[in-house]
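Student: I have a model open and would like to learn how to read it feature by feature. Could you walk me through it?

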Amino acid sequence: MSKKQKMVEAITPRDEDFSRWYTDICMRAELCSYSTVRGCVILRPYGYAIWELITSELDQRFKKTGHVNVMMPLFIPESLLQKEKDHVEGFAPEVAWVTHGGDEELTERLCVRPTSETLFCDHYADVIESWRDLPKLYNQWVSVVRWEKTTRPFLRTREFFWQEGHTAHATAEEAMKETLMILELYEEFYKSALAIPVLSGEKSESEKFAGAVNTYTVEAMMHDGKALQAGTSHYFGDGFAKAFNIQFADRDNQLQYVHQTSWGVSSRSIGGIIMVHGDDDGLVLPPAVAPIQVVIIPIAPHKDGVLEEAFRLKKTVENAGFRVKLDDSDRMPGWKFAEYEMKGVPIRLELGPRDIEKRSCVAVTRDNREKTVVPLDHIVEVLPEMLDDLNNRLYENAYERLTSRIYDVSDWDTFVQTIDEKPGFVRAPWCGEPECEVKVKDITKATSRLIDGDVGASHRCVVCDRPALHMVIWGKAY
RNA sequence: CGGGGUGUGGCUCAGGUGGUAGAGCGCUUGGUUCGGGACCAAGAGGCCGCAAGUUCAAGUCUUGUCACUCCGACCA
């Protein structure tokens, strides 16, 4: 304890106050900073670097599956936003409006995009004429604005960064296939790039996207047991196509409506990384999205040969394709250890006179603090394995936390008690009626996160005891 | 949008009954240090969130306002 108290700027322990711990990490790891606009954050270089890596990981996957990037305007005319009834109703309460250009009041006010379905639809109506124009597999990397009342860095900000994919297809089957393919893509991305296990499935009627026929979701469990909706993929059927008149001539020269999808993952995923992997010493980053994968700390750098050897080591590691930083500042080594742990750097290499004498360095892995003496000649062979192992440990630990905290219950009292007392998810049958979801939310604050398959009539709804239709994962969510 | 909390150097905070602002950390410079957040010395840095009001006099009292933060209702 006394050691901890000597720390210049310790963060709030995770188990003492989870949300304070979370904001402490955001600030101390220099991911972001509050801006003067309430509810908006400034992404600082380190936070932005993480986002860049996330975008690059996802973008590669989108490109591989045939998608191309575009850019839609920032503004949506009010009349355009209103074309699809459910869609407007869903977003109206949280849109920001532009009413003036200079001193002049606009004849039609413009909404700052909260999402771009209407813009894509308007454009698709313009450019799609024939079956030869399909499918359209578009994506865009932009920020959107939703005038949120309660905001938290990354998890809920008024402006946030994301990708939104919007596709148009000739048939319903093809559109549904796209919807589910993206869902799998997200699942795989979360697993291999972020080391975050997710549950995937369909949203209930009341939780689905405004204007969608079906919404599919990937849900992650944070360290405190709460759910984070980590990505969604929507099947629109031809609802938007009819509202926006997006038609094409098929092979028989018959006019048909297109079938559409949309899907997104946002900068909220950074919040997920923090809350799944972070610990009391700060951030823990999965190697794929760590801006610095290896940090080299020279010990006693003023002594002969130390810095030279450190630079040599840096070159070696860099040439092998790793993102590496050598901190040759005049901070104390202990300070640097703590600093890069705060920033979640996966591997630290300590290099001092004693190591150099033995032609080795000390490698320390961020998640378990394990120290390994590595011969300098072997560092390049050892690093990939260390990073890989670290990634696997992060995933395995998170997977264990997830699966061990999903509780199967079948009666109402146990249901309420479990949600109240045990952090995590509850799996219980549901009849499919929205009023049962409302009751669950009113009493427990938990919501249906996703539908985890259908069940036979032998199951009864955990709320109303009528025959159940679905097995549902319930939980409190961010 | 409701309830609570907080606004004083970059950060954390101290400033009984009003009398014109302080500490620690951080920062700068020089030196000694360097295997878990070093030490010494010398510096820089503040119209006390903002606006009215009371007063000879306001960081301190009154009112208003704004911002941030936490907890609830709504959402990625």
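Predicted model: local features only at pLDDT ≥ 70, side-chain atom pairs only at ≥ 80, totals over all residues.

Student: Then helix packing. At what angle do the axes of α3 and α9 cross?

Tutor: Helix α3 (residues 45-64) and helix α9 (residues 268-277) have axes that come within 10 Å and cross at roughly 105°. Angles of 65 to 115 degrees count as roughly perpendicular, so α3 is roughly perpendicular to α9. On the α3 side, the contact is made by Gly 47, Ile 50, Trp 51 and Ile 54, and α9 brings Ser 269, Ile 270 and Ile 273. Sorted by type, the residues of this contact are five nonpolar, two polar and no charged.

Student: How many disulfides are there?

Tutor: A disulfide is a covalent bond between the sulfur atoms of two cysteines. Here the cut-off is 2.5 Å between the sulfur atoms, and the count comes to zero. For Cys 111, the nearest cysteine sulfur belongs to Cys 121, 14 Å away. Cys 431 is in no disulfide either, with the sulfur of Cys 464 as its nearest, 3.7 Å away.

Student: Is Cys 431 buried or exposed?

Tutor: Buried, because its relative accessibility is 7% and the limit for buried is under 20%. Cys 111 is also buried, at 0%.

Student: What should I look for in the backbone?

Tutor: Most residues other than glycine have a negative phi, and most peptide bonds are trans. In this model, the peptide bond from Leu 134 to Pro 135 is cis, with omega near -5°. Pro 135 sits in the loop between α6 (117-127) and β7 (136-145).

Student: Where does Phe 154 lie, and what is its phi?

Tutor: Phe 154 is in the loop between β7 and β8 (159-169), and its phi is positive, about 65°. Its relative accessibility is 4%, so Phe 154 counts as buried. Ala 300 has a positive phi too, of about 50°, and belongs to the loop between β15 (294-298) and α10. At 17%, Ala 300 counts as buried.

Student: One more loop residue: what does Arg 323 touch?

Tutor: Arg 323 is in the loop between α10 (306-319) and β16 (324-326). Leaving out residues up to four places away in sequence, its contacts include Leu 53, Pro 287 and Gln 293. With a relative accessible area of 28%, Arg 323 is partly exposed.

How values were computed: Residues numbered from 1 in each chain as written. Chains lettered and ligands numbered in written order. Heavy atoms only, no water. Axes fitted to C-alpha atoms, helices over the stretch in contact; angles between N-to-C directions. Helix = DSSP H or I, 4+ residues; strand = E, 2+ residues; numbered from the N terminus. Parallel < 35°, antiparallel > 145°, perpendicular 65-115°, else oblique. Contact = heavy atoms within 4.5 Å. Nonpolar A, V, L, I, M, F, W, Y, C, P; charged D, E, K, R; others polar. Buried < 20%, exposed > 50% of the residue type's maximum accessible area, 1.4 Å probe, protein only.
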